[in-house]
Structure formats: C-alpha cells, structure tokens
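Have the viewer open as you read.

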Amino acid sequence: MYLVMLGPPGAGKGTQAALLARARHIPHISTGDMLRGAVSDGTDLGRAAAQYMERGDLVPDDVVIGITRDRLKASDTRRGFLLDGFPRTVSQAESLDAILAETDRALHLVLNLDVAEGELIRRLTGRRVCPKCGETYHLVFSPPRALGTCDCCGQDLVQREDDKESTVRQRLQVYQRQSKPLVEHYLQSGLLATVDGVGTVEQIHNRVLDAIT
Ligand code: AMP
C-alpha cells in the first residue's frame with residue numbers, strides 16, 4: 001500500500017507511522033528524520049535546511065521534494081511505503097502525485113491524525129530525545145527511569161531545538177497556514193481517513209489499522 005500520514009506537529013505521526021510500517025512491512029519514510037540526519041552529518045543539504053528547521057519554518061520545496069523523489073526511487077518502496085511529514089503543502093502533494101505517476105503508482109490512502117491544539121503544545125514541549133540512539137521520551141507521559149537520562153544507552157537527554165515553546169507555536173501556525181489545506185485537498189480527492197489521535201499508543205494504532213482495512 002502507498003500511504004501518507006498527515007497531522008499537526010505533536011500528533012504522534014512518527015510513533016504511529018513507525019508502528020504501522022512495521023505491521024505492514026513497508027518502509028517508513030520521514031522527511032523530518034532525513035533532514036535531521038543531513039543536519040547532523042553536516043552535508044550541504046543539511047546546512048541549507050538547518051536554518052528553517054530551527055525557526056520552525058518549512059524547508060523549501062525543491063530541497064524536500066528532491067530528497068523524497070530520490071527515496072521513492074529505491075526498490076524497497078515498490079511494494080509499498082508510508083510517508084510521514086511529506087507532503088506538507090498542496091504543492092508538495094501535487095509533486096508527489098507526479099513522482100508516483102513516473103513509476104505508475106498512485107496513493108491508496110491518506111491518514112490524518114486529529115489532536116486539539118492545547119494537547120499538541122503539552123506534548124511537544126515535554127518531549128525529550130536521546131541524541132545518541134534516538135529514543136523518545138516525554139516528561140509526563142513516558143518519562144525515563146532516571147530523570148534526564150536515556151534508559152537504553154545512559155546518554156543525557158535533550159530537548160529538540162524545534163520543541164522549545166516559541167518554536168512550537170511557530171510550527172503550529174505554519175501547520176495551520178500551509179498544511180491544514182492538505183486535509184481539505186485529500187478530502188476532496190476521496191483519499192482521506194481521519195483518526196482520533198488522543199488515547200494510548202496502542203488504542204490509536206488499532207484505530208489506524210481499522211482505517212486502512
Ligand atoms: P517533523 O519531524 O516531521 O516534525 O519535521 C521537522 C522539521 O523538518 C519541520 O518543522 C520542517 O522544518 C522540516 N520538514 C520536514 N518535512 C518537511 C516537508 N515535507 N516540507 C518542508 N519542511 C519539512
């Protein structure tokens with residue numbers, strides 16, 4: 001299946017996309033993860049993207065569309081894929097259709113995780129990540145066993161630069177302005193399935209599985 005996971009920052013896209021991709025044996029393609037990888041590797045692409053990401057703005061389309069097109073050329077995406085964080089604008093959605101059409105593919109379904117704004121701010125500002133192994137925690141919902149330390153590798157946890165409150169508010173505004181119209185776009189094309197994103201990880205995963213069957 002060729003799938004997209006939509007939702008505002010903090011809706012749990014990354015968590016749910018990883019679970020769904022594992023359950024369906026398809027690659028989980030996160031443009032945010034690819035861009036963060038490029039930033040930490042110090043590549044030209046990473047240097048170009050970093051300034052936008054730190055401010056909570058969208059990285060320019062040519063950069064993001066380029067890395068997504070390259071990734072979707074890989075043979076492991078032929079049987080299926082789950083895109084997380086792409087598309088984020090209607091113009092990226094149109095580019096995605098064109099990229100897929102080049103290889104006679106088309107999207108099957110667009111999942112939209114729905115979470116109210118107050119809850120998003122609470123979730124994002126409490127998120128902590130391990131800079132070494134990538135494990136994610138939350139100060140309230142899933143704290144590490146020892147405060148500030150990764151359970152898996154003992155590294156000090158950090159707050160993502162773009163999870164600081166002022167940047168979170170900026171990211172939510174960007175979402176409202178640039179990404180929310182995508183929900184309408186996919187509703188019109190009959191591909192949208194909206195899933196309630198409030199509940200335990202397992203409850204939401206089960207709703208996602210129901211939505212794709
Ligand atoms: P995420 O991990 O999906 O929240 O993405 C983190 C950041 O990466 C975003 O705030 C953007 O700056 C950038 N980014 C990720 N995906 C895209 C995209 N499709 N278009 C533009 N910027 C993106």
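This is a predicted model: local features need pLDDT of at least 70, side-chain atom pairs count only at pLDDT 80 or more; totals for chains, interfaces and linings use all residues.

Residues are numbered from 1 along each chain as its sequence is written, and side-chain values use heavy atoms, with hydrogens and water left out.

The protein chain has eight helices and seven strands (DSSP runs: H or I of at least four residues for helices, E of at least two for strands, numbered from the N terminus). Its radius of gyration, taken over C-alpha atoms, is close to what the globule rule gives for 213 residues, so the chain is as compact as a globular protein of that length. That rule is 2.2 Å times the number of residues to the power 0.38.

| Property of the protein chain | Value |
|---|---|
| Radius of gyration | 17 Å |
| Globule rule, 213 residues | 17 Å |

Buried residues make up 44% of the 213, buried being under 20% relative accessible area with a 1.4 Å probe, protein chains only.

Now zoom in on Asp84, found in strand 3 (residues 81-84). Asp84 is buried yet has no salt bridge, meaning a side-chain nitrogen of Lys or Arg within 4 Å of a carboxyl oxygen of Asp or Glu. The nearest side chain of opposite charge, Lys13, is 5.0 Å away. Leaving aside neighbours within four places in sequence, Asp84 is in contact (heavy atoms within 4.5 Å) with residues including Lys13, Gly14, His28 and Thr31.

Methods
Buried means under 20% relative accessible area, exposed over 50%, partly exposed in between (1.4 Å probe, protein chains only). Lys and Arg count as positive and Asp and Glu as negative; His and the chain ends are not counted.
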